[in-house]
Amino acid sequence: PVLIGQIMSSAFSQLKQAGFNYNSKTPVFFGGHSLGGIMVQNYLFDPNNKLPFSLGGLVLEGSFISRTNIDKFNKLGFPLLTLGAELDGLARIARIAESYQILSQNKNALVFVIPGMNHYQFSGEGNPPPNVVKNDIAPEVTNEFARARVTDTIK
């Protein structure tokens, strides 16, 4: 979290060097999974950070707008897509349901839950980290099915 500003500035520079010719009016979408979703929203909502482009939207996977950022999100008015997993043992379904309740009146916010999916299926392959092994719930769908649903929802 302490280095997020430096990391983002470096990423923006690398995009420019790679040929992505953005300016202050170019809409750029951000995404974050789990703690990455919390970190990216904290970065985007920090008034000290001046984005070199327009914020097009935010996609959160196995994450949610933190309670401290809800008012900031409502004031900024950019599109937000929150994707929860029914069997997520880290970003629990109750927290995703709370996000739905709080954001349901905001026309820029959508909250979806993918049935049978767990937290690790958003991005994991191979051996999950110990915290995920300890806390996640066994999925009821395959990784391929889960990721297809995520992709289809984001499209």
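User: What radius of gyration does the protein chain have, and what would a compact globule with 155 residues have?
Analyst: In this predicted model, the protein chain has a radius of gyration of 16 Å, which agrees with the value near 15 Å that a compact globule with 155 residues would have. The C-alpha trace spans about 45 × 35 × 30 Å along its principal axes.

User: And what share of the residues is buried?
Analyst: Buried residues make up 39% of the 155 in the protein chain. The accessible surface comes to about 9000 Å², and carbon and sulfur atoms contribute 57% of that.

User: How many helices and strands are there, and in what order do the elements run?
Analyst: The protein chain has 6 helices and 4 strands, and from the N terminus on they run α-β-α-β-α-β-α-β-α-α. As for contacts with a separation of 6 or more, 68% are between residues 24 or more positions apart.

User: Switching to aromatics, how many pairs turn up in the whole structure?
Analyst: The search of the whole structure finds 8 aromatic pairs. One of them joins F30 and F53, whose ring centres are 6.0 Å apart with the planes at 40°, so this pair is tilted.

User: Where do F30 and F53 lie?
Analyst: F30 lies in strand β1 (residues 27-33), whereas F53 lies in the loop between α2 (35-44) and β2 (54-61), so the pair ties together parts that are 23 residues apart in sequence.

User: Are those two buried or exposed?
Analyst: F30 counts as buried because its relative accessibility is 10%, below the 20% cut-off, and F53 counts as buried at 5%.

User: Which residues do the ring pairs link into a cluster?
Analyst: The cluster consists of F12, F20, Y22, F30, Y43 and F53, linked by ring pairs. Y22 also has a charged group over its ring, namely the charged end of K16, which sits 4.4 Å from the ring centre.

User: OK, on to charges. How many salt bridges does the structure hold?
Analyst: The structure holds 4 salt bridges. Among them is the one in which the side chains of R67 and E98 meet, with an N to O distance of 2.8 Å. That pair links distant parts of the chain, since R67 is in the loop between β2 and α3 (70-76) and E98 is in helix α4 (residues 93-103), 31 residues apart.

User: How exposed are R67 and E98?
Analyst: R67 is exposed, with a relative accessible area of 55%, while E98 counts as partly exposed at 21% relative accessibility.

User: What about R147, which residue does it form a salt bridge with?
Analyst: R147 forms a salt bridge with E125, and their closest N and O atoms are 2.6 Å apart. This pair, too, links distant parts of the chain, with R147 in helix α6 (residues 143-154) and E125 in the loop between β4 (109-114) and α5 (130-135), 22 residues apart. R147 counts as partly exposed at 23% relative accessibility, and E125 is exposed, with a relative accessible area of 54%.

User: And K155, what is its partner, and how exposed are the two?
Analyst: K155 forms a salt bridge with D152, the closest N and O atoms being 3.6 Å apart. K155 is exposed, with a relative accessible area of 76%, and D152 counts as partly exposed at 48% relative accessibility.

Note on methods. Residues numbered from 1 in each chain as written. Predicted model: local features only at pLDDT ≥ 70, side-chain atom pairs only at ≥ 80, totals over all residues. Heavy atoms only, no water. Phe/Tyr/Trp six-rings, centres within 6.5 Å; stacked < 30°, edge-to-face > 60°. Helix = DSSP H or I, 4+ residues; strand = E, 2+ residues; numbered from the N terminus. Buried < 20%, exposed > 50% of the residue type's maximum accessible area, 1.4 Å probe, protein only. Lys NZ or Arg CZ within 6 Å of the ring centre and 35° of its normal. Rg over C-alpha atoms; globule rule 2.2 N^0.38 Å. Contact = heavy atoms within 4.5 Å. Areas by Shrake-Rupley, 256 points an atom, 1.4 Å probe, with all protein chains shown as cover.
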